Amino acid sequence: MSLAMCMISIKVNDIEKAKRFYCEGLDLQLEKVYSESIVELNFDGLPIILEKVSELNTLDYYDNSQIVMGLQTKDLVSEMEILQDKGIELLFEEPQKCPPGLFNVIKDPFGNFIEILEFQ
């Protein structure tokens with residue numbers, strides 16, 4: 001097979017609110033506006049597509065099968081402070097241990113989860 005990762009699509013019910021969250025909150029760059037319902041952001045060269053849908057994500061992080069985007073940091077504690085200062089919701093008050101290191105989870109305004117990982 002000759003498959004390659006080409007983009008990640010995030011379903012949201014408010015494109016303007018999503019642009020603010022992902023661009024101002026997580027420092028992704030606005031790349032292109034295709035329409036009122038599809039916007040392309042850029043994260044280190046990887047296209048992130050925001051696509052408007054009618055309903056919020058209602059999956060539970062712990063109990064539902066789902067794909068979760070992971071972002072890497074070298075200092076999770078500092079990153080958590082920055083995110084909290086920006087008003088971004090974290091699932092845990094303290095970093096959580098996992099086999100490769102430490103992590104926490106962001107919940108975006110649309111119910112999507114993003115893991116922040118510090119590999120050790």
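**View 1. β7 meets β8.** In this predicted model, strand β7 (residues 96–98) and β8 pair antiparallel across three bridges. Strands here are DSSP runs of E with at least two residues, helices are runs of H or I with at least four residues, and both are numbered from the N terminus; two strands count as paired if DSSP finds at least two bridges between them. Look for cysteine 98, which sits opposite glycine 101 in β8. Two residues lie between β7 and β8 in this hairpin.

As a predicted model, it needs pLDDT of at least 70 for local features and 80 or more for side-chain atom pairs, while totals for chains, interfaces and linings take in all residues. Numbering starts from 1 along each chain as its sequence is written, and side-chain values use heavy atoms, with hydrogens and water left out.

**View 2. β8 and its other partners.** Six of the seven residues in β8 (residues 101–107) are buried, meaning under 20% relative accessible area (1.4 Å probe, protein chains only). Strand β6 (residues 89–90) pairs with β8 in the antiparallel sense over two bridges, and leucine 90 has isoleucine 106 as its bridge partner. Strand β9 (residues 113–119) also runs antiparallel to β8, joined by seven bridges; here valine 105 partners glutamate 115.

**View 3. The β8–β9 turn.** This hairpin has five residues between its strands, and glycine 111 in the turn shows a positive phi of about 90°.

**View 4. Helix α1.** Buried residues in α1 (residues 15–25) include Ile15, Phe21 and Tyr22. After α1 comes aspartate 27, with a positive phi near 65°.

Conventions. Buried < 20%, exposed > 50% of the residue type's maximum accessible area, 1.4 Å probe, protein only.
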